[in-house]
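Subject: Two-chain model, with notes

Dear colleague,

Please find below the structure I promised to pass on, followed by my notes on what was found in it. I would be glad if you read the notes with the coordinates open beside them.

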Amino acid sequence: MKTSLILLLLFLASCSEKTDNETENQAAQEQAWDSSFFAPKLGEKLLYRETIESVSMQQTKPVSPENINKVEIDRVQVYNGPEMLEGKKFHRYSIYNDGKFQEGFLFHWTGELLLVAGSFAEDQKPVFAQPPIPIAHIEMTTGSYWHWPEYEVFGNGSRVIGFEPVKVPAGTIDAYKVSIKKTSIGKVTLREYWFAPKIGIIKEKNHIYYGGILRAINTIEFVGRADSDDEAKSS
Amino acid sequence: MRISSFYLALVLGVQSILLLQARERPLSFVSDPSSSLPRETRNSLESFLTTRSNRLQTEVFVLLEPLPAPSLEEAKPIFEEFGNSWSEDNWAIISFRPGQIGAPLIITGGPFLREIVLETWQNELTTLQELSLQSWQTSPDIDFLARQVADSLAFVSRFKSATVQSLVQDRNEEILKKHHSDKTQKAYLIAISTALLLALAALAFLLRKAYLARKKLHFPETKWNSRLGAPHSGGSALIHRFPPPQA
């Protein structure tokens, strides 16, 4: 009885070792992507400065400088790491505005396409976007274009305008410029973002029009990495 | 419909005029003889368009000079004449008439403009013009409009070489198909499980009924003792009543 118990324990121990190895191999296989395009680092904090210039909904033309409300926010994006959900691998990013949790995003990287797959609130419960929204493609170039089914997302789709140097507080970084124009009843949103390989979105500018007047300009710019600003500047 | 046709005709008409004038490459990316733009904005726009030209080989020139408005008789489609310019490369001239709110934006350019679907392009320009009028400035935001139109031109000049669209579209369709198939699969699974459960319950009921129908119940033989003069015999489980004595 004692011998059989020892044998059983040994068998179980050998099984668990094998599982660990398998997990490591699987993780190694999953990490084998082109990290020159998408390279998240666990716990990495990217710092941004967000500026919101807006006028009230009651504002009519002419708009004097006193009518424009300007707010500056320190924005931090933290990479919380990969996570398996419903059999798929997602990358969890948390956004903090002035130190408070604002929102979270789930990214999905197929090896060639980066998608915003969903979001999550403070309770960490994921809400999946249907369909996921593509933000960058490994083969994208000026003139690349993609869109979503019209019944899902209204707009003119994503247009890659060019690969150009962008001046942000972190320095001058080469990035893809992508433009999206969304229209709904009475509202137009003109969104432009710059995606830098290996870093992510380094700049975003949104023009929001409503009721025949520009209501807000929202600008987000990459300031640097929390751990090493010099590294961000040099890249 | 009439208004859009008029604008279309107007744009095409002015293009023909500009084509005659655009036989030579403009000297600067921004021509602003009447100093409509602040110097800082002008320099920034010039730098933006120079970078565009160097990086994307799409030269976009901005001309800020009032032009004579063409008559409707002069407005005629001339897209086939786009090749008769100084260059076969991707170039375009955006011309604004500063000081006139809602004045038409006029564009002429190299052969690549022939590939553009005119109606789509016209809609886009109209939207951008409208947005430039909604700015916080008292006059149309020419800097914004010039940059947006230059971006659109850079995009459409390279649109043919785009490869991502099909990949992403396929991916989207694949995801949607999977999502729908997952939903359908789930619905089927629930339906099949429910049907199986109901069938099992019905089968169990029928089997029980058949079993009970076939089952023979055996009761023990009942015996009672004769009790003379007593109305009945038996105990707590069985009572046998005797007939009343006959007179």
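Residues are numbered from 1 along each chain as its sequence is written, while chains are lettered from A and ligands numbered from 1 in the order in which they are written.

Confidence

The model scores ipTM 0.76 and pTM 0.70. Among the elements of chain B, the lowest mean pLDDT, 42, belongs to helix 1 (residues 2-21), and the highest, 89, to helix 2 (residues 39-56). Where pLDDT is low, the predicted coordinates should not be read in detail.

Chain A

Chain A contains 2 helices and 12 strands, and its elements run α-β-β-β-β-β-β-β-β-β-β-β-β-α from the N terminus on. Of its 235 residues, 26% count as buried, a residue being buried if 20 or more other C-beta atoms lie within 10 Å of its own, exposed if 12 or fewer do, and partly exposed in between, with C-beta atoms placed from the backbone. Of the contacts in chain A between residues at least 6 apart in sequence, 37% join residues at least 24 apart.

The 12 strands of chain A form an open sheet with antiparallel pairing, in the order 6-5-4-3-2-1-12-11-10-9-8-7. Strand 6 (126-137) and strand 7 (145-146) of chain A stand at the edges with a single partner strand each, so one side of each has no neighbour in the sheet. Two strands are taken to pair if DSSP finds at least two bridges between them.

Strand 3 (residues 88-97) and strand 4 (residues 100-109) of chain A pair in the antiparallel sense over 7 bridges, and Ile95(A) stands opposite Glu103(A) in strand 4. These two strands form a hairpin with 2 residues between them, and Asp98(A) in the turn has a positive phi of about 50°. Strand 4 of chain A also pairs in the antiparallel sense with strand 5 (residues 113-120) of chain A, over 6 bridges, and there Phe107(A) has Val116(A) as its bridge partner. The hairpin of strand 4 and strand 5 of chain A has 3 residues between the strands, and Gly111(A) in this hairpin takes a positive phi near 105°.

Chain B

Chain B has 5 helices and 6 strands, following the pattern α-β-α-β-β-β-α-α-α-β-β along the sequence. Buried residues make up 28% of its 247 residues.

In strand 2 (residues 58-64) of chain B, 7 of the 7 residues are buried: Thr58(B), Val60(B), Val62(B) and Leu64(B) point one way, and Glu59(B), Phe61(B) and Leu63(B) the other way. Strand 2 of chain B pairs in the parallel sense with strand 1 (residues 30-31) of chain B over 2 bridges, where Ser31(B) stands opposite Leu63(B). Strand 2 of chain B also pairs in the parallel sense with strand 3 (residues 90-96) of chain B, over 7 bridges, and the bridge partner of Leu64(B) in strand 3 is Phe96(B).

The axes of helix 2 and helix 4 (residues 142-158) of chain B come within 11 Å and cross at roughly 5°, which makes helix 2 of chain B roughly parallel to helix 4 of chain B. Axes are lines fitted to C-alpha atoms, for helices over the stretch in contact, with angles from 0 to 180 degrees between N-to-C directions; angles under 35 degrees count as roughly parallel, over 145 as roughly antiparallel, 65 to 115 as roughly perpendicular and the rest as oblique.

Between the chains, helix 4 of chain B lies across strand 8 (158-168) and strand 9 (171-184) of chain A, running at about 125° to strand 8 of chain A.

With best regards

How values were computed: Predicted model: local features only at pLDDT ≥ 70, side-chain atom pairs only at ≥ 80, totals over all residues. pLDDT = per-residue confidence, 0-100. Helix = DSSP H or I, 4+ residues; strand = E, 2+ residues; numbered from the N terminus. Contact = placed C-beta atoms within 7 Å.
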